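Hello,

Here is the structure I promised to pass on. My notes on its cavity and pockets follow below it.

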Amino acid sequence: MDQPQKLGYREMAAAIRKDILSGKYPPASLLPPEAELARLYGSSRSLANRALGLLAASGLVRPQQGRGTIVTWLPPMVHSSARYAQAVRERDGALGAFDSEVKALGLEPQHEITVERAVPPAEVADALGVPRGEECLARRRRLRASGIPVRLSSSWFPLEIARDTVLEEPNAVITGGVKTALAQLGYPQTSARERIIPSRLPSDEEATLLEISTERSVTDIFHTGSTEDGRVVEVTITLAPAHYLVIEHSFPLN
């Protein structure tokens, strides 16, 4: 801008938001420092600080000590049954549905995985059809897109199925994700059910792991996958910031 117009902090926030959405400041990039933003958008540094506060409250940016302000806006990922198709999960060597989705956005998927044998919550045990108090395999993941945390995911499997298999590997090594791994172990899934809680506030721990404010809404997805004989062999609980998801389902009408 040769002669930048003087902007208030709300107008400045709207202008920066427009530039973020246009790709001028891509996901996971750093915004210019406050003084530079003030110069670029024709405002003061104090108003630039307030504008960044508005953007942070809406989930578009996040201040990070020692680095600056990171752009955390991502195009919302469509959550639908289509994401579980084998061709999608394994596309270009993807390590599951999330991996495939993030690569399709031109971003880098990253997995932080821990695996343990543990007693699942009662709801999970009941869904898997195992006695309450019986250990199962838990595969927990924090999933990032180019460094931005976008999912917390915990998958549970009966030990009878998962013991001493690739599912116990604490690394992202399963092309196609856990559904492909289960199919290769002789437990192909033919149906799935999901219960979605579209909006709630995160706990302090969840907010810390997702690097969001405790005032940002999150979405819970409780997913069960069953074999042809109706046996549930996977329960996956996913938590995501609500602004990163668009839920889309198709179904027949009789």
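Which residues lie nearest the centre of the largest pocket? In this predicted model, they are Leu152, Ser153, Ser154, Glu206 and Ile237, out of a lining of 25 residues. The pocket holds about 540 Å³ of space. Its lining takes at least two residues from each of β4, β5, β6, β7 (189-200), α9 (204-210), β8 and β9, and β6 gives the most, with 4 residues. By class, that lining has 10 nonpolar, 5 polar and 10 charged residues.

The second largest pocket has a volume of about 320 Å³. It is lined by 18 residues, and Tyr84, Lys179, Gln189, Ser191 and Ala192 are the closest to its centre. Here β7 gives the most, with 6 residues; α4 (86-89) and α8 are among the elements that supply at least two. The lining divides into 4 nonpolar, 9 polar and 5 charged residues.

Of the 28 residues in its lining, Arg83, Ala97, Phe98, Arg141 and Ser153 lie nearest the centre. Elements giving two or more residues to this lining include α5 (97-104), β4 (109-118), β5 (136-145), β6 (148-158) and α8 (177-184). The cavity lining has 11 nonpolar, 9 polar and 8 charged residues.

Regards

Methods
Residues are numbered from 1 along each chain as its sequence is written. This is a predicted model: local features need pLDDT of at least 70, side-chain atom pairs count only at pLDDT 80 or more; totals for chains, interfaces and linings use all residues. Side-chain values use heavy atoms; hydrogens and water are left out. On a 1 Å grid over the protein atoms alone, a cavity is a set of points where a 1.4 Å probe fits but cannot get out, and a pocket is an open set with protein on both sides within 12 Å along at least five of seven lines; lining residues have an atom within 4 Å of a point. Ala, Val, Leu, Ile, Met, Phe, Trp, Tyr, Cys and Pro count as nonpolar, Asp, Glu, Lys and Arg as charged, and the others, Gly among them, as polar. Grid points are joined across faces, edges and corners, and a volume is the space filled by probe spheres set on the points.
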